[in-house]
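Colleague: I have not looked at this one before. Can you take me through it?

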Amino acid sequence: MDKLEYSALGQSIYHCALPNGLSIYVDVRPEYAKQFAFFATRYGGMDLRFGGEDGEWLSTPAGVAHFLEHKTFDTEDGNALQRMAANGVDPNAFTSASMTGYYFDGVRGFEENLRMLLSFVSVPWFTPESIDKEQGIIAQEIRMCEDDPNDEVYYGLLEAMYVSHPVRNRVAGTVESISRITADTLYQCHRAFYRPGNMVLCVAGNIDPQQVADIAGEMLPQAPAPAVAVDHGHSEPLQSGRPHARKTMAVSMPLFALGFKGTPAAGPAGLRQRLVAELMCDVLFSPSAPLYSQLYEQGLINGSFGSFYSSGPGCAFVVAEGESRDPERVRGEVLKEASRLGREGIDPALWDRLKRAAYGTMVRHLNSMEDTCIELAEAHFNGEDYLSFPQVFQSIERADGEALLREWCTEERAVLSVITPEE
């Protein structure tokens with residue numbers, strides 16, 4: 001395995017790519033008693049249309065990636081989640097818009113549990129009876145999410161922001177869409193996306209990197225499989241699809257999500273854009289920002305207010321969310337402040353302080369094996385080198401944040417999603 005040195009962080013990562021295409025990253029931590037393993041595929045809720053084995057395009061119902069995550073734990077020998085838990089580790093999984101990941105952490109039985117993880121994820125086993133049962137379980141989960149105002153305000157935002165990009169679809173799908181999922185659907189999607197060349201294994205702890213590579217080479221298919229083309233729809237316009245989304249639910253105060261549609265960036269440019277966009281969020285929305293104090297003093301926001309940046313293939317956006325008695329006024333004040341900052345510039349002292357704080361937060365996250373492994377996986381899928389962020393931070397200037405404010409935080413790119421209280 002190759003040893004990648006990151007002198008700015010005083011850290012090294014072992015990396016190799018197996019002949020079957022699987023990339024492996026190992027973060028050796030001799031001082032840790034616990035081990036963490038993360039096995040992920042570049043397949044998520046937005047991947048609904050892809051090229052089939054016969055050359056034809058296949059369209060699948062919304063929610064297949066999430067459904068497949070649930071069913072992947074089923075094996076002919078029983079439920080792998082229960083077996084791994086009985087073997088002394090804490091296993092779990094998640095599905096996002098662009099990735100599905102399976103993981104475990106524990107202090108013993110690492111080799112046996114890694115073999116089990118690689119086996120059940122790579123060898124599918126579905127029956128019509130188990131799928132019928134799972135449809136009922138996931139339908140209940142979907143209904144619970146539909147009753148959650150936080151979920152509804154977020155997806156209302158995405159549905160208004162994007163005209164056709166599949167990020168606007170709910171990762172879990174709908175009750176109707178999952179009713180159309182069959183065993184054949186799951187097998188087709190597993191063959192297409194659960195190929196070693198479309199996956200990554202990230203491991204951290206007091207472990208031997210070569211042992212990880214040897215186990216993966218033994219447990220997974222030896223030969224590479226052809227890559228699959230994925231269709232995320234037509235190119236999106238720069239402006240948002242529509243400016244507002246509204247819904248009435250049982251909330252005590254209006255809940256809002258204010259989003260700005262960004263311009264997607266890939267590869268090394270994607271990591272740089274993420275850092276600039278997150279700094280832009282801090283400049284506008286963090287408790288250190290003048291706007292935050294102004295909105296708080298006027299009673300327009302409370303302690304629930306926060307912001308984040310998100311991106312995926314073909315999409316990028318920033319969101320500020322919280323509770324407010326007047327979300328429309330919050331929207332107006334944010335646009336006014338973004339215009340002022342883009343025109344007059346960001347206070348240099350504020351920028352430097354926020355930049356140092358953001359850098360320190362990223363360094364502290366490296367103490368978490370889970371955060372590090374997931375970040376390495378996401379960066380791999382995005383064609384980025386996550387641990388190069390110190391050098392990227394050094395290259396970011398105040399003018400970069402001001403340029404992004406001028407480009408993204410405009411009326412044309414803005415969407416306000418609001419959940420209002422029932423009468």
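Modeller: One term to begin with: two strands pair if DSSP finds at least two bridges between them. Keep in mind that this is a predicted model.

Colleague: Fine. Which residue stands opposite alanine 257?

Modeller: Serine 417, in E16, stands opposite alanine 257.

Colleague: And how many bridges join E13 to E16?

Modeller: There are 6, between residues 255-261 of E13 and residues 414-421 of E16, and the two strands run antiparallel.

Colleague: What order do the strands of the sheet come in?

Modeller: The order is E12-E16-E13-E15-E14, which makes an open sheet of 5 strands with mixed pairing. Strand E12 (244-249) and strand E14 (306-312) are the edges, each pairing on one side only. On average, neighbouring strands are turned by 15° against each other, direction ignored.

Colleague: Which helix packs on the sheet?

Modeller: Helix H9, residues 268-285, packs on the sheet and touches E14 and strand E15 (315-323). The direction of H9 makes about 160° with that of E14.

Colleague: Switching to the inside. Which residues touch the most other members of the largest nonpolar core?

Modeller: Phe38 and Leu284 do, in a core of 67 residues. H9 supplies the largest share of this core, 10 residues.

Colleague: What does phenylalanine 38 touch?

Modeller: Leaving out residues up to four places away in sequence, its contacts include Phe94, Met99, Tyr102, Val200, Cys373 and Ile374.

Methods. Residues are numbered from 1 along each chain as its sequence is written. This is a predicted model: local features need pLDDT of at least 70, side-chain atom pairs count only at pLDDT 80 or more; totals for chains, interfaces and linings use all residues. Side-chain values use heavy atoms; hydrogens and water are left out. Helices (H or I, at least four residues) and strands (E, at least two) are DSSP runs, numbered from the N terminus. Axes are lines fitted to C-alpha atoms, for helices over the stretch in contact, and angles run from 0 to 180 degrees between N-to-C directions. Contact means heavy atoms within 4.5 Å. A nonpolar core is a set of buried Ala, Val, Leu, Ile, Met, Phe, Trp, Tyr and Cys residues joined through side-chain atoms within 4.5 Å. Buried means under 20% relative accessible area, exposed over 50%, partly exposed in between (1.4 Å probe, protein chains only).
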